[in-house]
Every structure is written in structure tokens, then in C-alpha cells.
Amino acid sequence: MKICVRWLVIALLGTLLLSVVPLHAQDPYRFTEADLKFLKQFSLSRLPELPKSPGNVIADDLAAAKLGQQLFFDKRLSGNGQVSCATCHQPERYFTDGKALSVALGTTRRSAPSLLGAAWSPWLFWDGRKDSLWSQALGPLENPVEHGTTRNAVAQNMLRSYLPDYEAIFGKVNNVSELLSLPEDASPIGSQTAQNNWLTMTAAQKEQMSQIFANSGKLLMAYQRRLMMTPAPFDQFVELLNEGKTQEAKTKITESQVRGLRLFVGKANCASCHNGPLFTNFEFHNVGAPESNLVKVDLGRYEGVKALVKDEFTCLSKWSDAPKESCEEMLFLKTKGKELIGAFKTPTLRNIVHTAPYMQTGQFADLKQVMQHYNVPTPPYYDRSQHPERPHFDILPLLLTEQEIDDVIAFLGSLTSPIKDTDEWWRDPNNLSTKEVAQKNNKNQTH
Amino acid sequence: MTKIKQKLFFTGLIIVINLSLTIKASDSAETFYGLDANELFDKANHYFELSDTNMQKSRALILEANSLRKKINKLRAHKRRESSPLVQDQLAHDAQKLALQLEQKQLEGGRLRAESLSLKQRARSFFEEAFCQKWKPWVKNRDPLTMDDTIAMTLAHNSRILSVKPSLLNRMATGTDRIKDRGENDDMSLQIPALASQNAPPDLDISAFQISREQDFFGHIEVDAHPEAKAQHNVSAVPLNKIHRWHLLLSDRNGQPVTNANVDIEGHMPGHVHGLPTEPRVTKEVAPGVYQVEGLKFQMKGWWVISFKVHSADKESVPDDLTFNLVL
């Protein structure tokens, strides 16, 4: 009888201990079925199909993507013949440029984001001032500090260099020689000369040049929709766990990375905005990253919405292929609310360790600085004379330990997809492959 | 012996519970039975008026109680200043007498208030029934709005502060204080933060039928699903992060459609700073009193409040608010 009681006590204590110590403390790799169901939502395998693009009917056309790829790497699309889209969106850097502010004809106001996953975003640019990838692509072309080219120059380059391919996609272009004889430096925006020259053109000429210009954006969009990622170690880890291959899964990410993953969706609260297969909710938040320009503060989404309403190439514009009633995001655009002030779009965290520096103007040089900011944040900068209201603040201190911060950073390293150096879409079609470019860069560095 | 007693007790308890359930069920069924929409509206208004009368009486009693309390305080203050013990006794006696009256008034006021609320609830259930009869072709779903429950992503950002002055920085709580509050994740080893202030109170009224603040209108909302969406989802389900439509049905207290009203829409999440992610509008009145609301979008699960400001066309009265709580 006594022995029986003793065993009972031991058994009871055992179960008590087991229930008190959480499963993951015994083994961080041990996940429940509910955990896996939750984590699967972050896996690249859950990436939905490319969103429909009613505004651009050629968005999924292969020939359009190929011509778009030519344009993407074409340096003639710049004021000085030295800048292409790939100048700031370099495939070997996950389509970023590694700079805080981008340098092209001048210096940009914000940091160049990665293009991977951009096709899924309803809004483009840090402030979401564009509502489609095709409209977005047109902005940098006419921006004096980026490509610094003009509408006519872009259209004329198309007519001169790509006419047969262009006509195969968009149909015959009338009056080609007349269009080629128009002044190259002409645009409804840009320098005074360009604007004056634009005014000398007939309505029909303006219409034709703007159409070719808008179509260039649509081609660039078709290209960017082909940029795909292969699974990162994190994705492989989740898939293997779901298949029950625990041992193999353990080889994909380290113990520190698993701890970081638990923090990422838990105490560190990262997943409250960085969620889904692209690790972003595509929304706008003010996280209080330091203001880079105290003289002209960045109002973020607040400015973006104002620009959208005036934009020449939205879903609602005559250049869009969409029936107006399908432009729901524009028709019901949020234009009011203090949460817009100083808010920026949540960036994807895929390949994040390779896309430093961070935040909208590259305020943070590395992920440690980013994490330190989230850990003990500074509230948004407020200047009564510049801000319409005191900006609202989207984050609270995390109070993580140094070890926890390191674990989260380690986890972010598991979100790196391999550079697709053999993928035809990840390279200049007329030039070296990304692998060759990287090798060349390495050589230059070692010499 | 004790076992038998226990058994008896539990059987008794079950019978009592069952009885009360049947009474409750038959109660409402009987009262609606055989009444047409107009009669139901009449009954609803009758209960409504009773509820109002009781509420007015209750308020009057509370006011009287308040003035009594002031008198009592005065008497007691007087007593403290008074030097003659005789007068002191008299004052204490008077105060005591008034205190008894005060207690009575408070009790009666409370009782009337409770009765008024239960009558109002009754009136609302009659309104709902009347409304559903009268607007049969338009009321396709009487249930509160939900969100598609196949979505496991319950994450949302946790902001609960409007703005922070630098001096307050180190006095802020952390965003994940409530990490362990979430009972629903018992089967998870991942400790996902609870949504701050996002737990709707358990007794929150999430009915899709509401009476306006000034009690001039009765309204109902439901999702106007696209035909393709209807096949896939429950009709009451709001999609996550997708722009969609609702119908807002508006009637006056007698069930007459409120036509040509101007309706403004506001929405927010309690405990969050942000409003709606879009600016929804009433785009047309598809039938008298049936308003099509377009551009609605909910980017996260949780407790949302949607308020319609109704400016009626025929009156120069102040706009009236119709508010719905949703727990998506």
C-alpha cells in the first residue's frame, strides 16, 4: 500500500513538472500542430497567386515581360545615359543598392526598396504614392534626381530601339517618324524647357507620347511580376516540420534561430506587422524611426495620399485598362486620419540581412540598430510648424535582453532566399549573369 | 445515502434548468405568434414607450435622491457646527429620516431602470421580428457579422497610445505585457501576444439590428456578398482585408422606410488609434430604405465599431447615430 502511494506521488509530481515547464523550453524545435498551422502562414509556399491587374492587361504577357526586362536594364532611359532601373535595384543585392539614399543623377529622398514581392503590394513606394507597379515605374523616369529623363525621350527610345517588339504587343504605332522628330527634352513635368517644349506639341502628339510612356511602365510591371524567390531556410524548416521530418528540419535553422522565431511571433511582436508569406501586411505605420531631415520633415503616407489623388497614372486614369468601378482602393482611398502622418509601408523582411541599411532613409546601418530602436524606441519627431498634428506612434518598447535581440537577428538570417543566378529574369539579358557580376565584384574587392 | 441525495439534487437542478429554458423559448415564440408586421411594430413601440416612461421615472427618482443627499449633508454639517446637544440630536434624527427616504428612492430608481432596460430589450426583439417580416426580401441574414473563421492569422498591431511625448517614453508599458492573457492558445507553444484592449466585453451587444441614439430609426446591416463569394462563405462573413459591400436597412419606428437620407460612415477599433483603412460610402439607395454601402474593408480580426450618422431628408433635425459593434 505504502509503495503504491509513493509511486502515485512520483507520477503526480512528474506530470506536474511536465505541465509547468512549457514544451518548447524542453526543446525549442518542438512545435504543436497548432503552432505549425500558425507558422505555415509565413511560408513562401503560402504566397497567393499574383494579384489580378485590371489596370494593365499585358501584365502577364511573356513578350511584354521580356521587353520590360530590356527596359529595366537599359541605361539609355536616363538623362546621362548611365542610369537604369538596375542601378538602384541590383539583382545581386536582392534588387536594392546597399545605400541609405540612392544615388543616380542626384541623390534620392528615400532608400531604394527591394523589388522582390513588390507585385503583391497594393501601394508602391514607402509612402504608397502609386497604386500599381506600372504607374510606379513611371515616377523615377521623370524624376530629376533619379533617371532624369523625359517623357519624349522614353517614348522615342522605344520607337528607335524596340519598335517591332512594342508593336507586337500594343499594335501598330502611327506617325513614327513624326514622333521621332519631336523635341527629346519634352514632358508635362520637369524642367521649364521640357514643359515649354511639351506645350508646342499637338494634343494628338501628347496623347501618343504619353501612351507609349504609360505602356513602358506596363512593360516594366510585366517584367517585375516574373521576379520570384526560392524557399529560404525558414520555409524549408516549416515545410519539413509539416511533413514530420523533424531531424531534417533541425539542419535548416539553428537553435538560436528557432528561439528568434518564437520571439518574432511572440514577445518581440514583429509579426504584428511583418506577417504573411512576404513578412509584411503592406500597411502604413509610424514606428518613430529618426527623422532624417528636420528642415523638411517626411510626412510619409500623409503626403502619399495627397500625391495619389493628383496622380496622372492611377487605376482611375485614362491610361489604365481597368473599368473605373474595379479601382476600389482608389475609389475608397483613406485620405483622412492622423495615423497617416509620418507612416511608412511595412517592408518585406525576406532577404533582410542582405538589404542594409534599413528604414525609409537608411537611418539604421544594421539590424542591431533596428532592434535596439524597437527595444527602446524614440517617439516620432514632432514639429508643430511642419506636422499637421502630433504623429501617432505604432510601437511600444519590447524590453528584450541582449541574447533575445541576437536570437531575433539570427532568425532574420533564415529568411534569405538564394540569389537566383541561373534565373534568366535575374540578369541583364544583354550582359553577364548575376553570378558572373558577383564574381567580378569579388575579384575587384580582393585586388 | 449521500450519493442518492446528490443524484436527486442534480436531477432537480437539471429539471429546473430545462424548465426555465422552455419557458424562455415559449415566451418569445408565443408573443410573436400570429402577429403581422404592423402589429409587431405597435407592440415594439408600446414596450418602448413603457421603457421610456420607466426610465424617466427612474431618472426623476435619482434626481430627488441627489437633492436629498445634499440636504442630508447640510444637516450633518450643521450638526457638526452646532453646540447644543439637543439641537444636535434633532438634526441627527432629521438626517436619519431623510437617509431612509434616500435609500428607498435609490432602490426604486434602480428597479425602474432595470425594468426599463428589460422592456427596451423586449421592444428590440419585437422590432427585429417586425423588421424581418416587413423587409423579408432584404433581410437574408439575422446573425451578427463574423469573419471567415478559416483565417488563423489573428495578428494585428498593438498600438493603444495616441502619441508619446519624449518625457513619457520610459514610463510606457511594453507591447507584450498581456502575452500570457490569451487562454485560447492553450494548444500552442508559441506565445502570441494578445491584442491590447481588443477583448470585447463578454456582454457586448453585437446584434445586426439596432435602434438609433435618438431612438428615431431602426436599422439592420448585412454583408451584400458577391454571387461567387456566396457559394464559398457564410453570408454573414466579412472577408479579411478585401473591399466589400453591405446593405444598411433603415426604417422609422413604425417600419416605414427612411428614404433619401444622407448617411456618413465612421469606424474604428476600440483600444487602437486607427480608424478604417478605407473611406466607405453609401453609393445608392437600391430600394426605399435599402442603402448600399461600398468600400468597407477590415484589415484585422477583432472588435470594430461602425457608426452611421443619418441625416434624414424630410426633417431639419439633428443627425442621428446608428452604431453597430462587430466582433470579427
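Why is helix H14 (residues 255–265) of chain A largely enclosed by the rest of the structure?

**Orientation**

This is a predicted model, in which local features need pLDDT of at least 70, side-chain atom pairs count only at pLDDT 80 or more, and totals for chains, interfaces and linings use all residues. Residues are numbered from 1 along each chain as its sequence is written, while chains are lettered from A and ligands numbered from 1 in the order in which they are written. The model scores are ipTM 0.78 and pTM 0.82.

**Chain A as a whole**

Select chain A. Its secondary structure comprises 19 helices and 2 strands; helices (H or I, at least four residues) and strands (E, at least two) are DSSP runs, numbered from the N terminus. Along the principal axes, the C-alpha atoms of chain A fill a box of roughly 105 × 55 × 55 Å. Of its 447 residues, 46% count as buried. A residue is buried if 20 or more other C-beta atoms lie within 10 Å of its own, exposed if 12 or fewer, and partly exposed in between, with C-beta atoms placed from the backbone. Among the contacts in chain A with a separation of 6 or more, 72% are between residues 24 or more positions apart; two residues are in contact if their C-beta atoms, placed from the backbone, lie within 7 Å.

**Helix H14 of chain A**

Now select residues 255–265 of chain A. Because 8 of the 11 residues of H14(A) are buried, the helix is largely enclosed by the rest of the structure. The buried residues are Gln257(A), Val258(A), Gly260(A), Leu261(A), Arg262(A), Leu263(A), Phe264(A) and Val265(A).

**Helices H7 and H11 of chain A**

Next, select residues 151–161 and 203–224 of chain A, which are helices H7 and H11. The two pack at an angle of about 75 degrees, with their axes 9 Å apart. Axes are lines fitted to C-alpha atoms, for helices over the stretch in contact, and angles run from 0 to 180 degrees between N-to-C directions. H7(A) and H11(A) are therefore roughly perpendicular to each other; angles under 35 degrees count as roughly parallel, over 145 as roughly antiparallel, 65 to 115 as roughly perpendicular and the rest as oblique. On the H7(A) side, Arg151(A), Asn152(A), Val154(A), Ala155(A) and Met158(A) meet Met209(A), Ser210(A), Ile212(A), Phe213(A) and Ser216(A) of H11(A).

Centre the view on Met158(A), in helix H7 of chain A. Met158(A) counts as buried because it has 25 C-beta neighbours inside 10 Å. Not counting residues up to four places away in sequence, Met158(A) touches Tyr166(A), Ile212(A) and Ser216(A).

**Chain B as a whole**

Move to chain B, which has 4 helices and 10 strands. From the N terminus on, its elements run α-α-α-β-β-β-α-β-β-β-β-β-β-β. Buried residues make up 29% of the 328 residues in chain B.

**The five-stranded sheet**

Which order do the strands of the open sheet of 5 strands in chain B follow? The order is E2-E3-E5-E8-E7, with antiparallel pairing; two strands pair if DSSP finds at least two bridges between them. The edge strands, each pairing on one side only, are E2 (209–211) and E7 (281–287) of chain B. From one strand to the next, the twist averages 25 degrees. Select helix H3 (residues 85–134) of chain B, which packs on this sheet and touches E2, E3 (217–223) and E5 (244–252).

Lys284(B) has Gln292(B) in E8(B) as its bridge partner.

**The three-stranded sheet**

Another open sheet of chain B has 3 strands in the order E6-E9-E10, with antiparallel pairing. E6 (262–268) and E10 of chain B stand at the edges, each with a single partner strand, so one side of each is left without a neighbour in the sheet. E6(B) pairs with E9(B) over 7 bridges, and His268(B) has Val305(B) in E9(B) as its bridge partner. E9 (residues 303–311) and E10 of chain B run antiparallel and are joined by 8 bridges; Ile306(B) stands opposite Phe324(B) in E10(B).

Finish on E10(B), residues 320–327. Its covered face holds Asp320(B), Leu322(B), Phe324(B) and Leu326(B), and its uncovered face Asp321(B), Thr323(B), Asn325(B) and Val327(B).
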